[in-house]
Amino acid sequence: MQIVVAGQGYVGLPLAVRAAEVGHHVVGYDVDPHRVQQLAAGQSYVRDVDSSRLRVVLDTGVYSATADAAALAGFDIAVITVPTPLRDGVPDLTYIESCARTLGEHLRPGTTVVLESTSYPGTTEELLLPILEEVSGLKGGVDFLAGFSPERIGNKRWSFDGTPKLVSGIDAKSLDAIKGFYDGIFQTTVPVSGTKVAELAKLIENIFRFVNISMVNEMAMLAASLGVNIWEAIDAAATKPFGFTRFTPGPGVGGHCLPVDPLFLSWKVQQELGVPFRFVELAADVNRYMPDYVVRRLVEALDKRGMPVSGSRILLLGLTYKYNATDLRNSPSARVAELLVTLGAQVRGADPNIPEGEDTELNVPRVDASSEEITASDAVVLLMDHPRFDLPVIQKNAAYVLDCRNRLSGPNVEIL
Ligand SMILES: NC(=O)c1ccc[n+]([C@@H]2O[C@H](COP(=O)([O-])OP(=O)(O)OC[C@H]3O[C@@H](n4cnc5c(N)ncnc54)[C@H](O)[C@@H]3O)[C@@H](O)[C@H]2O)c1
(Lines give C-alpha, C1' and ligand atoms only; values in the text may rest on other atoms or scores of the structure.)
Protein backbone atom coordinates (compact mmCIF):
# COMPACT_ATOMS: atom_id res chain seq x y z
CA MET A 1 0.00 0.00 0.00
CA GLN A 2 0.92 3.65 -0.31
CA ILE A 3 1.46 4.89 3.23
CA VAL A 4 1.99 8.42 4.45
CA VAL A 5 3.45 8.99 7.90
CA ALA A 6 2.94 12.67 8.71
CA GLY A 7 5.54 13.75 11.29
CA GLN A 8 8.98 12.14 11.11
CA GLY A 9 9.98 12.43 14.76
CA TYR A 10 10.56 9.94 17.55
CA VAL A 11 7.21 8.25 16.83
CA GLY A 12 6.78 8.72 13.08
CA LEU A 13 10.20 7.72 11.80
CA PRO A 14 10.37 4.22 13.38
CA LEU A 15 6.86 3.49 12.10
CA ALA A 16 7.63 4.76 8.60
CA VAL A 17 10.83 2.73 8.31
CA ARG A 18 9.20 -0.43 9.69
CA ALA A 19 6.22 -0.05 7.33
CA ALA A 20 8.67 0.26 4.41
CA GLU A 21 10.61 -2.79 5.61
CA VAL A 22 7.46 -4.95 5.63
CA GLY A 23 6.67 -4.06 2.03
CA HIS A 24 4.72 -0.80 1.85
CA HIS A 25 5.67 2.27 -0.15
CA VAL A 26 6.08 4.96 2.47
CA VAL A 27 6.24 8.73 2.23
CA GLY A 28 7.65 10.28 5.40
CA TYR A 29 6.14 13.75 5.39
CA ASP A 30 7.41 16.46 7.73
CA VAL A 31 7.09 20.24 7.70
CA ASP A 32 10.62 20.66 9.06
CA PRO A 33 12.87 20.96 5.99
CA HIS A 34 16.00 20.43 8.07
CA ARG A 35 14.74 17.05 9.32
CA VAL A 36 13.69 16.06 5.82
CA GLN A 37 17.12 16.96 4.48
CA GLN A 38 18.81 14.82 7.11
CA LEU A 39 16.52 11.86 6.42
CA ALA A 40 16.95 12.14 2.66
CA ALA A 41 20.71 12.04 3.27
CA GLY A 42 20.28 8.81 5.24
CA GLN A 43 20.98 10.33 8.64
CA SER A 44 18.70 9.23 11.41
CA TYR A 45 18.26 11.43 14.48
CA VAL A 46 16.10 8.87 16.27
CA ARG A 47 17.84 6.33 18.46
CA ASP A 48 15.39 3.52 17.56
CA VAL A 49 16.29 3.77 13.86
CA ASP A 50 19.88 3.13 12.78
CA SER A 51 21.05 5.21 9.84
CA SER A 52 21.99 1.95 8.11
CA ARG A 53 18.34 0.81 8.22
CA LEU A 54 17.22 4.17 6.90
CA ARG A 55 19.67 3.99 4.02
CA VAL A 56 18.42 0.54 2.97
CA VAL A 57 14.80 1.71 2.63
CA LEU A 58 15.92 4.89 0.88
CA ASP A 59 18.17 3.03 -1.55
CA THR A 60 15.51 0.46 -2.42
CA GLY A 61 13.06 3.28 -3.07
CA VAL A 62 10.40 2.05 -0.63
CA TYR A 63 10.80 5.09 1.62
CA SER A 64 11.22 8.77 0.85
CA ALA A 65 11.23 11.83 3.08
CA THR A 66 9.61 15.04 1.93
CA ALA A 67 8.33 18.43 3.06
CA ASP A 68 6.30 18.75 -0.13
CA ALA A 69 2.60 18.11 0.50
CA ALA A 70 2.09 17.29 -3.18
CA ALA A 71 3.87 13.98 -2.49
CA LEU A 72 0.91 12.89 -0.36
CA ALA A 73 -1.29 12.35 -3.39
CA GLY A 74 -2.53 8.80 -3.83
CA PHE A 75 -2.07 7.48 -0.29
CA ASP A 76 -4.08 4.50 0.97
CA ILE A 77 -3.34 4.97 4.66
CA ALA A 78 -2.05 8.10 6.40
CA VAL A 79 -0.79 8.02 9.98
CA ILE A 80 -0.51 11.27 11.95
CA THR A 81 2.39 11.47 14.43
CA VAL A 82 2.71 15.23 14.95
CA PRO A 83 3.43 16.93 18.30
CA THR A 84 0.75 17.60 20.91
CA PRO A 85 2.34 20.01 23.41
CA LEU A 86 0.79 21.98 26.25
CA ARG A 87 0.84 25.76 26.09
CA ASP A 88 0.32 27.43 29.46
CA GLY A 89 -1.50 24.32 30.68
CA VAL A 90 -3.77 24.15 27.61
CA PRO A 91 -3.49 21.36 25.01
CA ASP A 92 -2.15 22.71 21.73
CA LEU A 93 -3.80 20.67 18.98
CA THR A 94 -2.90 23.05 16.16
CA TYR A 95 -0.35 20.58 14.73
CA ILE A 96 -3.07 17.93 14.38
CA GLU A 97 -5.44 20.50 12.89
CA SER A 98 -3.00 21.71 10.28
CA CYS A 99 -1.90 18.18 9.41
CA ALA A 100 -5.56 17.14 9.04
CA ARG A 101 -6.11 20.04 6.61
CA THR A 102 -3.15 18.93 4.50
CA LEU A 103 -4.25 15.29 4.48
CA GLY A 104 -7.88 16.27 3.83
CA GLU A 105 -6.82 17.72 0.50
CA HIS A 106 -5.50 14.33 -0.59
CA LEU A 107 -8.26 12.17 0.86
CA ARG A 108 -10.00 9.88 -1.66
CA PRO A 109 -12.85 7.42 -1.24
CA GLY A 110 -11.53 4.24 0.35
CA THR A 111 -8.56 5.82 2.15
CA THR A 112 -7.82 5.58 5.87
CA VAL A 113 -6.44 8.11 8.37
CA VAL A 114 -5.06 7.04 11.75
CA LEU A 115 -4.09 9.38 14.57
CA GLU A 116 -1.18 8.26 16.78
CA SER A 117 -0.45 11.55 18.57
CA THR A 118 -1.36 11.47 22.26
CA SER A 119 -4.42 13.55 23.19
CA TYR A 120 -7.58 13.57 25.30
CA PRO A 121 -10.55 11.28 24.56
CA GLY A 122 -12.62 12.73 21.74
CA THR A 123 -9.77 14.16 19.66
CA THR A 124 -10.18 11.71 16.78
CA GLU A 125 -13.93 12.03 16.42
CA GLU A 126 -14.49 15.60 17.57
CA LEU A 127 -11.47 17.35 16.07
CA LEU A 128 -9.75 15.25 13.40
CA LEU A 129 -12.80 13.80 11.68
CA PRO A 130 -14.71 17.10 11.13
CA ILE A 131 -11.62 18.74 9.58
CA LEU A 132 -11.01 15.80 7.23
CA GLU A 133 -14.68 15.87 6.22
CA GLU A 134 -14.77 19.64 5.73
CA VAL A 135 -11.61 19.82 3.62
CA SER A 136 -12.26 16.70 1.53
CA GLY A 137 -16.02 17.00 1.16
CA LEU A 138 -16.17 13.26 1.98
CA LYS A 139 -17.96 11.53 4.86
CA GLY A 140 -16.06 9.60 7.53
CA GLY A 141 -17.23 6.00 7.85
CA VAL A 142 -18.96 6.23 4.48
CA ASP A 143 -16.30 7.43 2.03
CA PHE A 144 -13.18 7.10 4.14
CA LEU A 145 -12.09 5.34 7.32
CA ALA A 146 -10.45 6.70 10.45
CA GLY A 147 -9.26 5.70 13.89
CA PHE A 148 -6.78 6.10 16.72
CA SER A 149 -3.82 3.92 17.67
CA PRO A 150 -1.57 5.18 20.44
CA GLU A 151 2.20 4.88 20.26
CA ARG A 152 3.94 3.05 23.11
CA ILE A 153 7.59 3.06 21.94
CA GLY A 154 9.43 0.04 23.32
CA ASN A 155 12.35 -0.17 25.70
CA LYS A 156 15.34 -2.52 25.93
CA ARG A 157 13.14 -5.49 26.74
CA TRP A 158 10.15 -4.61 24.57
CA SER A 159 11.01 -3.90 20.96
CA PHE A 160 9.06 -1.54 18.70
CA ASP A 161 7.10 -4.30 16.98
CA GLY A 162 7.01 -6.67 19.96
CA THR A 163 5.05 -4.23 22.12
CA PRO A 164 1.30 -4.92 21.74
CA LYS A 165 -0.39 -2.17 19.73
CA LEU A 166 -3.85 -0.86 20.63
CA VAL A 167 -6.06 -0.21 17.60
CA SER A 168 -9.45 1.45 17.28
CA GLY A 169 -11.74 2.83 14.60
CA ILE A 170 -14.67 5.21 14.28
CA ASP A 171 -16.67 2.16 13.14
CA ALA A 172 -16.21 -1.57 12.51
CA LYS A 173 -14.94 -1.11 8.94
CA SER A 174 -12.35 1.42 10.09
CA LEU A 175 -11.22 -0.89 12.89
CA ASP A 176 -10.83 -3.77 10.42
CA ALA A 177 -8.72 -1.70 8.03
CA ILE A 178 -6.56 -0.23 10.79
CA LYS A 179 -6.06 -3.56 12.52
CA GLY A 180 -5.13 -5.13 9.17
CA PHE A 181 -2.47 -2.48 8.55
CA TYR A 182 -0.88 -2.78 12.00
CA ASP A 183 -1.12 -6.60 11.98
CA GLY A 184 1.47 -6.48 9.21
CA ILE A 185 3.83 -4.43 11.38
CA PHE A 186 3.31 -5.47 15.02
CA GLN A 187 3.38 -8.99 16.44
CA THR A 188 0.21 -8.35 18.47
CA THR A 189 -2.58 -5.86 17.95
CA VAL A 190 -5.27 -5.30 20.54
CA PRO A 191 -8.56 -3.98 19.17
CA VAL A 192 -10.77 -1.87 21.43
CA SER A 193 -14.37 -0.83 20.92
CA GLY A 194 -13.83 2.81 20.01
CA THR A 195 -11.39 5.67 19.57
CA LYS A 196 -12.15 7.24 22.97
CA VAL A 197 -11.22 4.00 24.74
CA ALA A 198 -7.89 3.88 22.90
CA GLU A 199 -7.25 7.58 23.60
CA LEU A 200 -8.02 7.13 27.30
CA ALA A 201 -5.96 3.91 27.52
CA LYS A 202 -2.84 5.79 26.45
CA LEU A 203 -3.47 8.45 29.09
CA ILE A 204 -4.08 5.82 31.78
CA GLU A 205 -0.66 4.32 30.98
CA ASN A 206 1.07 7.67 31.37
CA ILE A 207 -0.95 8.83 34.37
CA PHE A 208 -0.18 5.55 36.15
CA ARG A 209 3.53 6.29 35.91
CA PHE A 210 3.19 10.00 36.62
CA VAL A 211 1.10 9.49 39.77
CA ASN A 212 3.27 6.66 41.10
CA ILE A 213 6.55 8.47 40.57
CA SER A 214 5.14 11.58 42.20
CA MET A 215 3.86 9.44 45.08
CA VAL A 216 7.29 7.94 45.82
CA ASN A 217 8.81 11.41 45.49
CA GLU A 218 6.47 12.77 48.14
CA MET A 219 7.23 9.72 50.28
CA ALA A 220 10.97 10.35 49.84
CA MET A 221 10.57 13.86 51.25
CA LEU A 222 8.52 12.60 54.20
CA ALA A 223 10.79 9.60 54.86
CA ALA A 224 13.87 11.84 54.94
CA SER A 225 12.21 13.97 57.60
CA LEU A 226 11.20 10.85 59.52
CA GLY A 227 14.74 9.51 59.31
CA VAL A 228 13.76 6.40 57.32
CA ASN A 229 15.65 5.13 54.26
CA ILE A 230 12.98 5.25 51.54
CA TRP A 231 15.10 3.28 49.08
CA GLU A 232 15.49 0.35 51.44
CA ALA A 233 11.78 0.48 52.22
CA ILE A 234 10.89 0.41 48.51
CA ASP A 235 13.21 -2.55 47.90
CA ALA A 236 11.65 -4.32 50.86
CA ALA A 237 8.12 -3.66 49.54
CA ALA A 238 9.19 -4.89 46.10
CA THR A 239 9.89 -8.37 47.51
CA LYS A 240 6.12 -8.86 47.46
CA PRO A 241 5.70 -10.92 44.31
CA PHE A 242 2.24 -9.56 43.44
CA GLY A 243 0.23 -6.37 43.78
CA PHE A 244 3.23 -4.01 43.83
CA THR A 245 5.08 -2.13 41.08
CA ARG A 246 8.45 -0.64 41.97
CA PHE A 247 8.90 3.10 41.38
CA THR A 248 11.87 5.04 42.73
CA PRO A 249 12.32 8.68 43.75
CA GLY A 250 14.21 11.27 41.74
CA PRO A 251 14.55 15.02 41.23
CA GLY A 252 11.24 15.22 39.33
CA VAL A 253 9.37 13.76 36.36
CA GLY A 254 10.57 15.10 33.02
CA GLY A 255 10.42 14.32 29.33
CA HIS A 256 7.92 15.13 26.64
CA CYS A 257 5.20 12.68 27.74
CA LEU A 258 4.74 12.11 31.47
CA PRO A 259 4.59 15.71 32.72
CA VAL A 260 2.47 16.75 29.71
CA ASP A 261 -0.02 14.04 28.72
CA PRO A 262 -1.83 13.68 32.08
CA LEU A 263 -2.66 17.38 31.95
CA PHE A 264 -4.49 16.83 28.65
CA LEU A 265 -6.99 14.73 30.55
CA SER A 266 -7.28 17.05 33.53
CA TRP A 267 -7.85 19.97 31.11
CA LYS A 268 -10.58 18.03 29.28
CA VAL A 269 -12.22 16.94 32.54
CA GLN A 270 -12.25 20.53 33.81
CA GLN A 271 -13.61 21.85 30.50
CA GLU A 272 -16.29 19.25 30.02
CA LEU A 273 -17.28 18.28 33.55
CA GLY A 274 -16.23 21.40 35.44
CA VAL A 275 -14.35 19.37 38.06
CA PRO A 276 -10.63 18.95 38.73
CA PHE A 277 -8.85 15.64 38.15
CA ARG A 278 -7.40 15.66 41.64
CA PHE A 279 -4.86 12.84 41.33
CA VAL A 280 -3.22 14.41 38.30
CA GLU A 281 -3.18 17.87 39.83
CA LEU A 282 -1.67 16.60 43.08
CA ALA A 283 0.96 14.61 41.18
CA ALA A 284 1.80 17.66 39.05
CA ASP A 285 2.10 19.77 42.18
CA VAL A 286 4.52 17.34 43.87
CA ASN A 287 6.45 17.00 40.64
CA ARG A 288 6.85 20.77 40.20
CA TYR A 289 8.21 21.03 43.74
CA MET A 290 10.89 18.30 43.47
CA PRO A 291 13.70 20.48 42.04
CA ASP A 292 13.04 23.02 44.82
CA TYR A 293 13.28 20.22 47.36
CA VAL A 294 16.61 19.03 45.91
CA VAL A 295 17.96 22.58 46.21
CA ARG A 296 16.61 22.90 49.74
CA ARG A 297 18.39 19.70 50.78
CA LEU A 298 21.60 20.93 49.20
CA VAL A 299 21.41 24.32 50.89
CA GLU A 300 20.85 22.60 54.26
CA ALA A 301 23.80 20.28 53.68
CA LEU A 302 26.11 23.17 52.77
CA ASP A 303 24.85 25.07 55.78
CA LYS A 304 25.80 22.16 58.05
CA ARG A 305 29.30 22.39 56.63
CA GLY A 306 29.42 26.10 57.39
CA MET A 307 29.21 27.03 53.73
CA PRO A 308 26.71 29.49 52.24
CA VAL A 309 25.23 28.37 48.93
CA SER A 310 26.10 31.76 47.48
CA GLY A 311 29.57 31.49 45.97
CA SER A 312 29.72 27.69 46.39
CA ARG A 313 30.80 25.66 43.41
CA ILE A 314 28.17 23.05 42.59
CA LEU A 315 28.48 20.28 40.03
CA LEU A 316 25.27 18.79 38.64
CA LEU A 317 25.74 15.29 37.23
CA GLY A 318 23.21 13.76 34.81
CA LEU A 319 21.08 16.43 33.22
CA THR A 320 18.59 14.38 31.22
CA TYR A 321 15.18 13.56 32.65
CA LYS A 322 15.67 9.80 32.53
CA TYR A 323 18.37 7.17 32.95
CA ASN A 324 20.59 7.03 29.87
CA ALA A 325 18.18 9.24 27.88
CA THR A 326 19.65 11.66 25.37
CA ASP A 327 17.38 14.66 25.66
CA LEU A 328 16.68 17.44 28.10
CA ARG A 329 13.03 18.14 27.42
CA ASN A 330 11.29 19.25 30.63
CA SER A 331 14.22 17.90 32.61
CA PRO A 332 14.17 18.91 36.29
CA SER A 333 17.93 19.62 36.02
CA ALA A 334 17.19 22.94 34.28
CA ARG A 335 15.08 24.11 37.24
CA VAL A 336 17.65 22.87 39.79
CA ALA A 337 20.36 24.81 37.94
CA GLU A 338 18.22 27.93 37.66
CA LEU A 339 17.37 27.93 41.38
CA LEU A 340 21.00 27.47 42.40
CA VAL A 341 22.18 30.24 40.08
CA THR A 342 19.54 32.54 41.56
CA LEU A 343 20.95 31.75 45.01
CA GLY A 344 24.38 32.84 43.83
CA ALA A 345 26.01 29.42 43.41
CA GLN A 346 28.59 28.77 40.71
CA VAL A 347 26.89 25.92 38.90
CA ARG A 348 28.34 23.55 36.33
CA GLY A 349 26.68 20.63 34.60
CA ALA A 350 28.05 17.37 33.25
CA ASP A 351 26.23 14.87 31.06
CA PRO A 352 28.04 12.53 28.66
CA ASN A 353 24.75 11.83 26.84
CA ILE A 354 24.08 15.42 25.74
CA PRO A 355 26.36 16.82 23.06
CA GLU A 356 27.54 20.40 23.59
CA GLY A 357 25.13 22.77 21.83
CA GLU A 358 22.06 20.62 22.53
CA ASP A 359 21.66 22.02 26.01
CA THR A 360 19.88 25.27 25.26
CA GLU A 361 17.46 24.78 28.16
CA LEU A 362 20.37 24.77 30.57
CA ASN A 363 22.06 28.09 31.24
CA VAL A 364 25.15 26.84 33.06
CA PRO A 365 28.63 25.96 31.77
CA ARG A 366 29.17 22.35 30.69
CA VAL A 367 32.13 20.37 31.98
CA ASP A 368 33.33 16.76 32.05
CA ALA A 369 32.76 14.74 35.20
CA SER A 370 36.52 14.49 35.70
CA SER A 371 38.13 13.82 39.08
CA GLU A 372 39.59 17.38 38.95
CA GLU A 373 36.17 18.94 38.42
CA ILE A 374 34.65 16.81 41.17
CA THR A 375 37.47 17.67 43.59
CA ALA A 376 37.15 21.38 42.77
CA SER A 377 33.42 21.39 43.60
CA ASP A 378 32.07 22.18 47.06
CA ALA A 379 29.16 19.84 46.38
CA VAL A 380 28.03 17.38 43.72
CA VAL A 381 24.41 16.53 42.97
CA LEU A 382 23.92 13.20 41.22
CA LEU A 383 20.63 13.90 39.42
CA MET A 384 20.82 10.98 36.98
CA ASP A 385 23.16 7.99 37.20
CA HIS A 386 24.14 7.44 33.58
CA PRO A 387 26.27 4.31 33.01
CA ARG A 388 29.14 6.43 31.67
CA PHE A 389 29.65 8.13 35.04
CA ASP A 390 32.51 6.68 37.05
CA LEU A 391 30.71 6.30 40.36
CA PRO A 392 33.78 5.29 42.46
CA VAL A 393 35.60 8.41 41.18
CA ILE A 394 32.66 10.60 42.26
CA GLN A 395 32.47 8.93 45.65
CA LYS A 396 36.22 9.18 46.25
CA ASN A 397 36.75 12.79 45.17
CA ALA A 398 33.60 14.67 46.14
CA ALA A 399 33.55 16.75 49.32
CA TYR A 400 29.81 16.17 49.52
CA VAL A 401 27.29 14.37 47.27
CA LEU A 402 23.52 14.65 47.27
CA ASP A 403 22.66 11.38 45.55
CA CYS A 404 19.18 11.49 43.99
CA ARG A 405 19.50 7.93 42.60
CA ASN A 406 20.82 5.92 45.57
CA ARG A 407 23.98 4.78 43.80
CA LEU A 408 26.63 5.96 46.25
CA SER A 409 27.41 5.54 49.92
CA GLY A 410 29.91 6.84 52.43
CA PRO A 411 30.35 9.62 54.96
CA ASN A 412 30.34 12.29 52.21
CA VAL A 413 27.06 11.04 50.65
CA GLU A 414 23.43 11.80 51.45
CA ILE A 415 20.59 10.17 49.53
CA LEU A 416 17.48 11.97 48.43
N1 LIG B 1 8.40 10.35 21.74
C2 LIG B 1 7.75 9.45 22.46
O3 LIG B 1 8.36 8.68 23.21
C4 LIG B 1 6.25 9.32 22.36
C5 LIG B 1 5.65 8.16 22.84
C6 LIG B 1 4.29 8.00 22.70
C7 LIG B 1 3.52 9.03 22.13
N8 LIG B 1 4.12 10.17 21.69
C9 LIG B 1 3.27 11.18 21.07
O10 LIG B 1 3.48 11.13 19.66
C11 LIG B 1 3.35 12.43 19.10
C12 LIG B 1 4.62 12.79 18.35
O13 LIG B 1 5.71 12.79 19.26
P14 LIG B 1 7.22 12.79 18.79
O15 LIG B 1 8.03 12.53 20.02
O16 LIG B 1 7.40 11.91 17.61
O17 LIG B 1 7.38 14.32 18.34
P18 LIG B 1 8.57 14.96 17.49
O19 LIG B 1 8.56 16.39 17.81
O20 LIG B 1 9.81 14.15 17.63
O21 LIG B 1 8.10 14.77 15.97
C22 LIG B 1 6.98 15.36 15.44
C23 LIG B 1 7.30 15.79 14.02
O24 LIG B 1 6.11 16.29 13.43
C25 LIG B 1 6.47 17.33 12.54
N26 LIG B 1 5.29 18.12 12.21
C27 LIG B 1 4.72 19.15 12.88
N28 LIG B 1 3.61 19.58 12.24
C29 LIG B 1 3.48 18.80 11.14
C30 LIG B 1 2.53 18.75 10.11
N31 LIG B 1 1.47 19.57 10.07
N32 LIG B 1 2.70 17.85 9.12
C33 LIG B 1 3.78 17.01 9.14
N34 LIG B 1 4.70 17.01 10.10
C35 LIG B 1 4.54 17.89 11.10
C36 LIG B 1 7.55 18.07 13.29
O37 LIG B 1 8.34 18.85 12.41
C38 LIG B 1 8.33 16.91 13.93
O39 LIG B 1 9.40 16.49 13.12
C40 LIG B 1 3.02 13.36 20.27
O41 LIG B 1 1.64 13.44 20.39
C42 LIG B 1 3.59 12.61 21.46
O43 LIG B 1 2.92 12.97 22.66
C44 LIG B 1 5.48 10.33 21.79
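**Around the ligand and into the cavities**

Let's start with helix 4, residues 94-104: this helix supplies three residues to the shell around the ligand, the largest share. Keep in mind as you look around that this is a predicted model.

Now zoom in on the ligand itself. There are 24 residues around it, and the ones that come nearest are V11, D30, R35, T84 and H256. What kinds of residues make up this shell? By class, you'll find 10 nonpolar, nine polar and five charged residues.

Take T84: an N or O atom in its side chain sits 2.5 Å from an oxygen atom of the ligand. Y10 uses its backbone instead, with an N or O atom there 3.1 Å from a ligand oxygen. Then there's S98, where a side-chain N or O atom lies 3.2 Å from a nitrogen atom of the ligand. How much of the ligand does the protein bury? On its own the ligand would expose 820 Å², and the protein buries 89% of that.

The largest cavity holds about 50 Å³ of space. Its lining includes P150, F160, K165 and F186, and divides into five nonpolar, two polar and three charged residues.

The second largest cavity has about 40 Å³. Among the residues lining it are P251, L319, Y321 and M384.

Key:
Residues are numbered from 1 along each chain as its sequence is written. This is a predicted model: local features need pLDDT of at least 70, side-chain atom pairs count only at pLDDT 80 or more; totals for chains, interfaces and linings use all residues. Side-chain values use heavy atoms; hydrogens and water are left out. A residue is near a molecule or strand if one of its heavy atoms lies within 4 Å of it. A polar contact is a pair of N or O atoms within 3.5 Å; within protein, one must be able to donate a hydrogen and the other to accept it, and residues adjacent in sequence count only if both atoms are side-chain atoms. Accessible areas come from the Shrake-Rupley method with a 1.4 Å probe; for residues, only the protein chains shown count as cover. Helices (H or I, at least four residues) and strands (E, at least two) are DSSP runs, numbered from the N terminus. Ala, Val, Leu, Ile, Met, Phe, Trp, Tyr, Cys and Pro count as nonpolar, Asp, Glu, Lys and Arg as charged, and the others, Gly among them, as polar. On a 1 Å grid over the protein atoms alone, a cavity is a set of points where a 1.4 Å probe fits but cannot get out, and a pocket is an open set with protein on both sides within 12 Å along at least five of seven lines; lining residues have an atom within 4 Å of a point. Grid points are joined across faces, edges and corners, and a volume is the space filled by probe spheres set on the points.
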